[in-house]
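Keep the viewer open as you read.

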Amino acid sequence: MCKAKFIAVKTDMSKAYDRVEWSFLEALMLKLGFASQWVTWIKTCITSVSYKVLINGEAKGNINPSRGLRQGDPLSPFLFIILTEALVAQLKGAEEEGKITGLKIARACPPISHLLFADDSLFFCKADVLQCAELMRILQCYGMASGQQLNTAKSSVFFGSKVPQDVRLSLKNALGIHNEGGMGTYLGLPENISGSKQKVFAFVQDRLSQRINSWSAKLLSKGGKEVLLKSVAQALPTYVMSCFLLPLGIIKKLQSAISNFWWSNKQTSRGIHWIAWDKICIPFDKGGLGFRDLQLFNLALLAKQMWRLLHFPSSLLARVLKGRYYRNSSPLEVEKSNMPSYGWRSILAAKDLLKSGLRRTIGSGENTNVWSDAWIPDSLPRPPIASGLPYDPLLRVSYFLDPITKEWMLDKLTDHFTVEDIHLVLSLKPSTRNREDSFCWTQTKSGLYSVKSGYLLAVQLKETLSSNPLLQPSVDALKSKVWTLKTTKKLKHFIWQAIAGITPVCSRLADRHCGIVRACPRCGAEEETINHMLFECPLAKQTWALTHGLPDPGIFPCNALFLNLEYLLCIATRQGPADTGFAPFPWTAWFIWKARNDKVFKGKDVEPMDTSQAAKTEATAWRIAQEITDALDGSTDSTEPPPFPENEVYPRCQVDASWAYGQKNFGGGLALDMDQDITSFGFFAKTQVISPLHAESQALLWAMKASLQMGYTSMRFESDCLQLIKLVEDEEEWPSMASELDDLFFTRSLFQNFSIVFIPRTRNIRADALSKQARGRGVSFSHVDPIVPIGTAATVITIGAF
């Protein structure tokens, strides 16, 4: 709560969307400079609405409104935001005239007089009767023009702690609002974050428990539970976690509620928790079930907020927090603050995660400290390793750049860095346009932070810190292979449980003190293990023989569970669902399990022939359903690359790059067709760059400069790198390639006519062959000549001109 003499007014507009006056919205859009034709189109959209009333399920009547915006219409929120521009203009005018004073949480912070989110509004002013009266006058004036009407019964007012009680009463009378807030919510979040955080965020736990208790665990398979928990239960607290760090106690209760539902079979039972939840919250490719670790996910979401402070420093939130917490520094450098808010403490909790994947991008190099900033592009960004000689701790990266060419000066690099770091430094492209040093996120190709990549990095760092040496062979690879099977989610989970040793057979239940009988209920064997139930029981052996045959007696089945399942998984993943053999084995294993349960719970004996036939029928039905689905999806697939131009356009320049991990150079090549009979070829090699996309951009830039040097100011470039083409055409923001894109866009501006199109790799073989040969030379060079280089003459002649 604010400690100064300020108030906050939370307003509720009665039927906000339904009361919008069309004439006012039209006049406002014209005043804001929208084209009259566009305003006419918008007016047509909102005035051509009619309503009918459902009476006993039948639509009756025809109601034509004279005002209002439709709830649920995607256009309505944007139009309402335009409508509030009139209110914002009046508030700003009152601020400039000194009639209203905005709230400032620190001297260097911008004043805030209002926060608007569609029809949810917060207004701030001094705890003064005149300022409150001015605020109400503005709201009434705005309401008379726009049709909005303040609902004082649902509105509330918050007071700073220093506002006396008698002043509070007079301010309430001036506002006409008598509800005092502070314990409600605004935009789904608590209005007051103070006291016990366990109590403040208890509503998240209550909301999740209420949702989970409405589900019936008995009617869902493990596959169904997985989809429900991941898409609903684990997504439910996401909004709150993106703003605040949930207390560990709340996190544990949320995970406990999710875990209880996962293992339970009925609403009143929590079930047997066969495996610790931490071992389940492991990615699929590492043998887990892919559930989120909510604590790490919370940090990944908060790291997004820290990234926004770095990436959008002019945003309102960034300016407010900068004025309060890091006035003369960066948010990454803040260690301690005086009486920080819980929101700021939450963002700071994710600082270490963000810093671990954040790298300084080198523009001019003036703002990057050589020895303390992480600017070396290693697997995780880090500062360079000194060569052992004394160094200046305040040295800037610009010291190593030629002031004219903006290229790295190798002699200075050699004096300060190790050989390994020199190669990494040379892979960076400094800006030739004096761009300021910035940041990029190294876990994505674009350099933009994403919560998914942040979460994966958090999981990786946690594994690194808590990794213990394995004392026995791991079955994680076998578990991860389960998820590649072509079968239903339910059967994948069943096979995964068998590998994990948590299928509830008699011996496993006895181990957990849930029974005393260990014998096989079907054949009477002394011990019913998972391997016995699936493979060694005589009835199970007969089922496998009838369904698939036993091509390798002595190898399958055997007395080792992991060997049996590995045998089946290897054959199944090799054959696929359309082939015969062991590909449909998950259905066989599942129906053997069902036959065993029929004997235990119903006393029913199921013959191996019936089990085999049921497994074959289910597998065939599923395969046919998948073929039909694939055929329907294929007819509407929109992920295909754009069609390449069939017409011959001259001049044109086909360009390609060759990049290989661990090599010292990358290569590039071009084939410039001046007309149908005259072609110029060129190739070059440079010091290795960070990624193949960087190599493609360098090759395109080199080809553009070569074309200009040859006198061509009109050119169509052709490339088989679709991502690069999208970057050039759409001018997307990619911090990881900021310097490269600056050079590309500047060079593009030198052409009178410039275009770049996609062509498949099969039509770009000439440039591809040249780039590979250039990379293979192992030295840096550049050559453009109308004569084909000797080493590739045969290849190019064989290919011919396209």
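Which residue is the bridge partner of aspartate 12 in S5? Aspartate 120 is that partner. The model is predicted, so to speak with its own limits: local features need pLDDT of at least 70, side-chain atom pairs count only at pLDDT 80 or more, and totals for chains, interfaces and linings use all residues. Residues are numbered from 1 along each chain as its sequence is written, and side-chain values use heavy atoms, leaving out hydrogens and water.

Strand S1 (residues 6-12) runs antiparallel to S5 (residues 120-126), with seven bridges joining them. Strands are DSSP runs of E with at least two residues, helices are runs of H or I with at least four, and two strands pair if DSSP finds at least two bridges between them.

The open sheet has four strands, ordered S4-S5-S1-S6 with antiparallel pairing. S4 (114-117) and S6 (156-159) stand at the edges with a single partner strand each, so one side of each has no neighbour in the sheet. On average, neighbouring strands are turned by 15° against each other, direction ignored.

| Helix | Strands | Angle |
|---|---|---|
| H4 (residues 129-146) | touches S1 and S5 | about 150° with S5 |
| H5 (residues 165-175) | lies across S1 and S6 | about 150° to S6 |

How values were computed
Axes are lines fitted to C-alpha atoms, for helices over the stretch in contact, and angles run from 0 to 180 degrees between N-to-C directions. Contact means heavy atoms within 4.5 Å.
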